[in-house]
Amino acid sequence: MGKGILEAIETLNPEIYIELHSYSRENLEKLAGRDRMERIGIPAYSILKAGVLLGSVSPWVRKKIFSKRSSLSLF
């Protein structure tokens with residue numbers, strides 16, 4: 001599914017890119033753990049409140065697909 005998303009981004013060239021996800025509470029440490037960047041190469045989500053996480057898209061997508069001026073969010 002990720003390949004199709006990347007193709008759509010390249011074709012549509014959006015100014016804003018947002019992804020929404022849900023997660024299980026038992027995965028909170030995997031998602032928001034401080035060592036996430038070292039473990040899988042993706043920055044950890046920040047815990048906002050009441051189980052809501054905020055993060056960034058993967059560094060690879062950010063560098064290869066978007067310019068530095070693009071707005072990128074991952075919830």
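In which loop does histidine 21 lie? Histidine 21 is placed in the loop between strand S1 (16–19) and helix H2 (28–32), where helices (H or I, at least four residues) and strands (E, at least two) are DSSP runs numbered from the N terminus. The model is predicted, so local features need pLDDT of at least 70 and side-chain atom pairs count only at pLDDT 80 or more, whereas totals for chains, interfaces and linings use all residues. Residues are numbered from 1 along each chain as its sequence is written, and side-chain values use heavy atoms, with hydrogens and water left out.

**Overall fold and surface**

- The protein has 4 helices and 4 strands, and read along the sequence these follow the pattern α-β-α-α-β-β-α-β.
- Buried residues make up 21% of the 75 residues in the protein, with buried meaning under 20% relative accessible area, exposed over 50%, and partly exposed in between (1.4 Å probe, protein chains only).
- Of the contacts in the protein with a separation of 6 or more, 39% are between residues 24 or more positions apart, a contact being heavy atoms within 4.5 Å.
- The accessible surface comes to about 6,000 Å², of which 55% belongs to carbon and sulfur atoms; accessible areas come from the Shrake-Rupley method with a 1.4 Å probe, and for residues only the protein chains shown count as cover.

**Arginine 36 and the charged side chains**

- Arginine 36 is found in helix H3 (residues 36–40), and this residue is buried yet has no salt bridge, a salt bridge being a side-chain nitrogen of Lys or Arg within 4 Å of a carboxyl oxygen of Asp or Glu.
- The nearest side chain of opposite charge to arginine 36 is aspartate 35, 8.5 Å away, where Lys and Arg count as positive and Asp and Glu as negative, while His and the chain ends are not counted.
- The side chain of arginine 36 does reach the backbone oxygen of lysine 30, at 3.1 Å.
- Leaving aside neighbours within four places in sequence, arginine 36 is in contact with Lys30, Leu31, Gly41, Ile42, Pro43, Ala44 and Tyr45.
- The structure holds 1 salt bridge, and aspartate 35 forms a salt bridge with arginine 39, the closest N and O atoms being 3.0 Å apart.
- Aspartate 35 counts as partly exposed because its relative accessible area is 36%, and arginine 39 is likewise partly exposed, at 41% relative accessibility.

**The loops on either side of S1**

- Asparagine 13 lies in the loop between helix H1 (2–12) and S1, and its phi is near 50°, a positive value in a residue other than glycine.
- Asparagine 13 counts as exposed because its relative accessibility is 60%.
- Leucine 20 has its place in the loop between S1 and H2, and this residue is exposed because its relative accessible area is 69%.
- Ile16, Ile18 and Leu20 make a nonpolar surface patch of about 340 Å²; patches are made of residues with over 30% relative accessible area and no salt bridge, with like charges joined within 9 Å and nonpolar side chains (Val, Leu, Ile, Met, Phe, Trp, Tyr) within 5 Å.
- Histidine 21 counts as partly exposed because its relative accessibility is 46%, and its C-alpha atom is separated by 9.4 Å from that of leucine 53, 32 residues apart along the chain.

**Proline 59 and its contacts**

- Proline 59 has its place in helix H4 (residues 59–65) and counts as partly exposed because its relative accessibility is 23%.
- Not counting residues up to four places away in sequence, proline 59 touches Met37, Gly41, Ile42 and Pro43.
- The C-alpha atoms of proline 59 and methionine 37, 22 residues apart along the chain, are separated by 9.9 Å.

Key:
A polar contact is a pair of N or O atoms within 3.5 Å; within protein, one must be able to donate a hydrogen and the other to accept it, and residues adjacent in sequence count only if both atoms are side-chain atoms.
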